[in-house]
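Dear colleague,

Please find below the structure that I am handing over to you, together with its sequence.

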Amino acid sequence: MVELTSFDDLINPRLHAKFEPAPVFDDSPMVASESPKVAIDGDRVPVVIVDDLHVKYQVYSSGKSLGGAGAKRLLQASTRGIREVHAIKGISFVAYENESIGVIGSNGSGKSTLMRTITGLTTPASGSVYASSRPNMLGVGAALIADLSGDKNIVLGGLALGYNRQEISAMREDIIKFAELEEFIDLPMRTYSSGMSARLKFAIAASKQHDILIVDEALAVGDARFRKRSEARIREIRENAGTIFLVSHSMNSIIDTCNRALWIEKGVLIMDGDAKTVVNAYKAKKK
Amino acid sequence: MTAAEYAEQQGLNRVGARPSLRSYLMQAWQRRDFAFELARSRLQATNQRNRLGMLWVIIKPTMNALMYGVIFGLLQANKPHDFPAYVVIGVFFFEFFTGSVNSGAKSITGNASLVQSLSFPRITLPIAAVIQQFLTLVPMLGVMFIYCMILGTPPKWSWLMVVPLLALFTMFNTGMALVCARLTVHIRDFTQFLPLITRVLFYTSGVLFGVDRILNAFPILVRMFDFHPLYQALQIARGSIMNSVDYPPFYWVVLGVWAVVALVGGTIYFWSAEERYGRID
């Protein structure tokens, strides 16, 4: 090992290899990468079909590179600094009516990207997603305005989800009750604690009976009591003939609420099956 | 059997596929309440924490008109008749155009989290931006009429012509906002250019000058202004409100054509990139 004696050596660029970022997703396939043909169960009603899905992002790795910043970059034809992230690599599966599917995998494995593609918010590079009705993401936070009262935000969030005004005034009381915000509902949302606004957001978003619902880590809001109630609400939606995708790192809530699970790692579907089996395999691998 | 055939057989549709223009517009129409509520809430929220609140909607353009009126009133030797009213009408109406284009341009890129978490026709966002500007304009117009009366223009029936004018002008502005919204998605740098463009338009649309007076040495240029949509909107407004300004009736036709072309073209242009707006890169 070379001993670095001078501090100048540490920062002398000629003594060190140029930094090459490691690929975010290495291309060595973790499992057999030939896309498995969609297994079709003829007896049940399919709701979502994901067919050999690939999603890629092109991102500037770090704002501006040191050398070719500004006007110089406009003139350069090279695509230095652009990195392609292959976030989903050929995932296929079929989701049936009345299923609740847990999606597990480590951070950055492509779970959220897969969910966003299923809702149609991200366009796939190749492959496609078919659905019986448009899947909805359980999230309404972005439509709300912190300077307005909780009450006005219920109206705004409801309209953003596609209700009309009568429906919203009908479910207003339920939302307020579910969020436990009776005394604070006329205060601006910026005065709420993070738990309070998370509760309000969940209450607005979950007020509707969705056919296909995607819950991305939203169950982790609020205190233990609210978490219990929101899980119960999710189950209720499922029992009313909905199909649910639940993205979570909490294996217990996956086993409690889901009957099937998908394990995704580095953009590849590793395992698809009964929730308990998949969670056990995932836990065994992670140890 | 491939997945596509299976999906077809079971009556499943491809997610994220751009709907036909007809069904797109129908979906957008169903979200009209959302667009309106979004516009109204944003307008409220912007001024809520100011002491003077909604009064700023009126104070800001008034101060603008005052400033431009004084500066260009002193600088210009060859002023149009009734210069104060001329400037007030020009500035107030032009503000509607600038506001629509600026906030329209930011309506997709500035609402990225909304675009990425909820699915609705994206055209709702630029339209909400224009509605917000329209809601700002309405009290401004009331104030404008009061100023005009103070400045010596008595009310008359032709003031009502402002209503059809606003309809055409709003159509035109919506079209422009839609075009700017999509351009900004493709080229972020566009928002840097935009203030420059609106500034140039401000000085070339006859907001502060009588075009025929300044340019009477160049009849071709004066002729070109007969087809300038912003100039025409301002002239029609002045002609309807003031006594000293006249405009040829064909301005209505030309402005109408501009409005329809801008709105239809802008809508189609915006719709054809619908699948692009949710992308993160």
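A:Arg233, by contrast, counts as buried, at 14% relative accessibility. Both residues belong to helix α7 of chain A, where they sit three residues apart, about one turn of the helix. Please bear in mind that this is a predicted model.

Salt bridges elsewhere

Over all chains, a search of the whole structure finds 13 salt bridges. One of them joins the side chains of B:Glu37 and A:Arg165, at 2.9 Å from N to O. This pair crosses between chains, running from helix α3 (residues 32-48) of chain B to helix α5 of chain A. B:Glu37 is buried, with a relative accessible area of 3%, whereas A:Arg165 is partly exposed at 32%.

B:Glu37 also meets the side chain of B:Arg40 in a salt bridge of 3.3 Å, N to O. These two residues are both in helix α3 of chain B, three residues apart. B:Arg40 is partly exposed, with a relative accessible area of 35%. In chain A, a network of salt bridges links A:Arg44, A:Glu99, A:Arg260 and A:Asp272.

Helix α5 of chain A

Helix α5 of chain A covers residues 165-179, 15 residues in number, and spans 20 Å from its first C-alpha to its last, close to the expected 21 Å. The helix bends by about 45° at A:Met171. A:Met171 is itself buried, as are A:Ile168, A:Ile175, A:Ile176, A:Phe178 and A:Ala179. The cover over the buried residues of this helix includes α4 (150-161), α6 (194-205) and α7 (224-239) of chain A.

Just after the helix, A:Glu180 takes a positive phi of about 55°. Most residues other than glycine have a negative phi. A:Glu180 lies in the loop between α5 and α6 of chain A and is partly exposed, with a relative accessible area of 26%. A:Asp52 also has a positive phi, of about 40°, although it is not a glycine. A:Asp52 is found in strand β1 (residues 46-60) of chain A and counts as partly exposed at 26% relative accessibility.

Chain A as a whole

The secondary structure of chain A comprises nine helices and nine strands. Of its 287 residues, 46% count as buried. The accessible surface of chain A is about 14600 Å², and 53% of that area belongs to carbon and sulfur atoms.

Further points in chain B

Helix α7 of chain B (residues 124-150) has 27 residues and reaches 39 Å from its first C-alpha to its last, close to the expected 39 Å. Just after this helix, B:Gly152 takes a positive phi of about 95°.

B:Gln232, in helix α12 (residues 229-241) of chain B, counts as buried at 0% relative accessibility. Leaving aside neighbours within four places in sequence, its contacts include B:Phe227 and B:Trp258. Those two residues also contribute to a nonpolar surface patch of about 550 Å², together with B:Phe250, B:Val253, B:Val257 and B:Val261.

With kind regards

Note on methods
Residues are numbered from 1 along each chain as its sequence is written. Chains are lettered from A and ligands numbered from 1 in the order in which they are written. This is a predicted model: local features need pLDDT of at least 70, side-chain atom pairs count only at pLDDT 80 or more; totals for chains, interfaces and linings use all residues. Side-chain values use heavy atoms; hydrogens and water are left out. Helices (H or I, at least four residues) and strands (E, at least two) are DSSP runs, numbered from the N terminus. The expected span of a helix is 1.5 Å times one less than its number of residues. The bend at a residue is the angle between axes fitted to the seven residues ending there and the seven starting there. Buried means under 20% relative accessible area, exposed over 50%, partly exposed in between (1.4 Å probe, protein chains only). Contact means heavy atoms within 4.5 Å. Patches are made of residues with over 30% relative accessible area and no salt bridge: like charges are joined within 9 Å, nonpolar side chains (Val, Leu, Ile, Met, Phe, Trp, Tyr) within 5 Å. Accessible areas come from the Shrake-Rupley method with a 1.4 Å probe; for residues, only the protein chains shown count as cover. A salt bridge is a side-chain nitrogen of Lys or Arg within 4 Å of a carboxyl oxygen of Asp or Glu.
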